[in-house]
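Subject: Structure handover

Hello,

Here is the structure I promised to pass on. Please open it first, then read my notes below.

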Amino acid sequence: MARNRVGRALATLVVAILAITVAAIPVSAVPFNEADFSGYATGQVLHVDTLAATGVELAQASEAWTGSVVDSKGITQIVNEVDNIVFPAAANKRTAARGSGLELGLGVDQATENQLQLQIAKAAAPPNTSVVEEIPPGGLSIPPLAYASLLRGQADANWSDSSTCVLGKDLASGIGYAADVQLVDTGAGNEDGTLDAPLLAVDAEPTDPDRSVAFSQSHNFLAVQQNAAGAPLGLKFGLASEVRMTIAPVTIADGVTLEFLGEWVLRAMAGGVPGSAHVHFGPGEVSPQTPILNIIQDGVDNIIVSLQDILGDAGLPTIEVPGVAEIRIGQPPHAIGDQDAPPAIAANGTSASAAIDIVSVELLDGDLADLRFGHMEVSAQVPVGGIDCGVPVSKTASPKGVTVGQAFTVSIKVDNPFGCDMTAVKVVDNITTEGSAKFQVLSTNPPANQVPAGSNLDEGTIVWDNIGPIPKGGSKTVTVSIRAQGGGGIIKDIATASALLGNCEGEGDGSTLVGNSLPLEVPVVLTVKDLPETGLGTSGALYLSAIAMLGFAAVGIRSLRRNKA
């Protein structure tokens, strides 16, 4: 019994030690070309649907509607909360985006895209694609359905065919832009093409034309692992999905105007390590107590909502506009598809997602329409450990093999395929040997800051503190001249480059990258006169292996003789 107790105790101890050991093993990030990651972002400055029944909407309209999708394994169809197709399935594409100023649909459901997409821009990659569509000044007039003075859609999709991360620019970005939009005329119409009495008018007073523009951008980009406060958690990368939008004043029938101020942002970030998954929502740069939303009726400011009201934990109570509408403002972000659940955020940092409406309005006159202002959805998912993005480093040797006493040159090339300039580019070349090979560093170009001195070395490190900067799309090469010494074997080295990213086209300024080259091996053989002549045409390397085996055999025989003695 005692032995059994001791045995169980030892087994428990071993299991505990193994558990601690496994827990202590750091989780490695997954290289970009192997990582399984995905996400999407979509925003509609204004969405209107009327008389929805059995999943089919009699009519709907979306202003400044944008979407962006990333899926490293191939795009699957994305449908948003209001049953609109953000992007259809495309198994051979990895990133995609869409942008439109105004879309109209009749009798549409989840399997149907809007019929009126006159200026929609769509792009998918690979290959990298950029599309811009615009309805020029003169605008769009389809009485009694819609009028707009200017509509623009833009879509950009980036995905390199190599294993290099897309950094410093968006993986996908969709932009929608609309000016002076009017929807559903309840009057007789006007000769100039504008609507006489629109159900909705998204514009401003003529004295402030800049406020007549509604703008939305949905985009996805790789971002360094960080917590919600922006503090870095590692040098690897995660995926961010973000929507940004500016909403023009919206006038509803019966003279109620909703006046929005500032830029609104919803962002989901997943970095693959604990603490790196989070959701951010809020207006752009606004000071405390700055008015964020005015509700104006008959020219009078009835309600002014401040930043603090919008960002409260529970949002504002439902606002009743007697006989006209019920308005819900500032509800907190919720789980996509479930307004009663909080955003989905994984504790291990691998995923985050959320949705929100800045304002939603239900018109009370016969349940005529459901209106959403500032509808946004974001989602991001990455593998445990995050995504490994490194500086591309490659090496070549000339010649590729040498004899003892012969010199060779190693070229180390550092490429910059990113959407950023690389600065403070540091290169470290670690040289080791196998077998009887030795080496001596003869020279470096440009001169390195650290060079191993002496001859017949087993190992050494060469350091260039700063070879940069390297501009976007550029490269630099450094070289090392080495003489093979000692005996036969291999001279082996691995180069590492690190750099700081700056002047990026998009996100990424200040990120630090580290990348390694593949091991470079230069075989070293004895000169021909030192090799036994067998007449078999065997390579020098095979001769060396045979000589080494004979040497080991001789050592073994001597050992046996000593043991017998």
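This is a predicted model: local features need pLDDT of at least 70, side-chain atom pairs count only at pLDDT 80 or more; totals for chains, interfaces and linings use all residues.

Let me start with the strands. Strand 32 and strand 33 (residues 459–464) pair in the antiparallel sense, with 6 bridges between them.

**Disulfides**

The count is 2 disulfides. Which cysteines do they join?

One is formed by cysteine 165 and cysteine 389, with 2.0 Å between the sulfur atoms. The torsion about its S-S bond is about -90 degrees, so this disulfide is left-handed. The pair links distant parts of the chain, 224 residues apart. Cysteine 165 sits in the loop between strand 11 (150–157) and strand 12 (172–179). Cysteine 389 sits in the loop between strand 28 (387–388) and strand 29 (393–398). Cysteine 165 has a relative accessible area of 7%, so it counts as buried. Cysteine 389 is buried as well, at 2%.

The other joins cysteine 420 to cysteine 504, again with S to S at 2.0 Å. This link is right-handed, with 110 degrees about the S-S bond. Why does it tie together separate parts of the sequence? Cysteine 420 lies in the loop between strand 31 (407–415) and strand 32, while cysteine 504 lies in the loop between strand 34 and strand 35 (512–516), so the joined parts are 84 residues apart in sequence. Are these two cysteines buried or exposed? Cysteine 420 is buried, at 0% relative accessibility. Cysteine 504 is buried at 13%.

Number the bonded cysteines in sequence order and the pairing reads 1-2, 3-4.

**Aromatic rings**

There are 4 aromatic pairs. One of them is phenylalanine 32 with phenylalanine 37. Their ring centres are 5.8 Å apart and their planes meet at 45 degrees, so the pair is tilted. Both phenylalanine 32 and phenylalanine 37 are buried.

Tryptophan 264 and phenylalanine 281 form a stacked pair. The distance is 6.0 Å centre to centre, with 25 degrees between the planes. This pair also connects distant parts of the chain, 17 residues apart. Tryptophan 264 belongs to strand 19 (residues 263–270), and phenylalanine 281 belongs to strand 20 (residues 278–283). Tryptophan 264 is buried, with a relative accessible area of 0%. Phenylalanine 281 counts as buried because its relative accessibility is 13%, and the cut-off is under 20%.

Phe32, Phe37 and Trp159 make up one aromatic cluster.

**Charges over rings**

Which arginines lie over a ring face? Arginine 98 lies over the face of tryptophan 65, at 3.7 Å from the ring centre. Arginine 152 lies over the face of tyrosine 177, at 4.8 Å from the ring centre.

**Where to look**

Then go to the disulfide of cysteine 420 and cysteine 504. Finish at the stacked pair of tryptophan 264 and phenylalanine 281.

Best wishes

Definitions and conventions
Residues are numbered from 1 along each chain as its sequence is written. Side-chain values use heavy atoms; hydrogens and water are left out. Rings of Phe, Tyr and Trp (its six-membered ring) pair if their centres lie within 6.5 Å; planes under 30 degrees apart count as stacked, over 60 as edge-to-face and the rest as tilted. Buried means under 20% relative accessible area, exposed over 50%, partly exposed in between (1.4 Å probe, protein chains only). Helices (H or I, at least four residues) and strands (E, at least two) are DSSP runs, numbered from the N terminus. A charge sits over a ring if NZ of Lys or CZ of Arg is within 6 Å of the ring centre and within 35 degrees of the ring normal. Two strands pair if DSSP finds at least two bridges between them. A disulfide is a pair of cysteine sulfur atoms within 2.5 Å.
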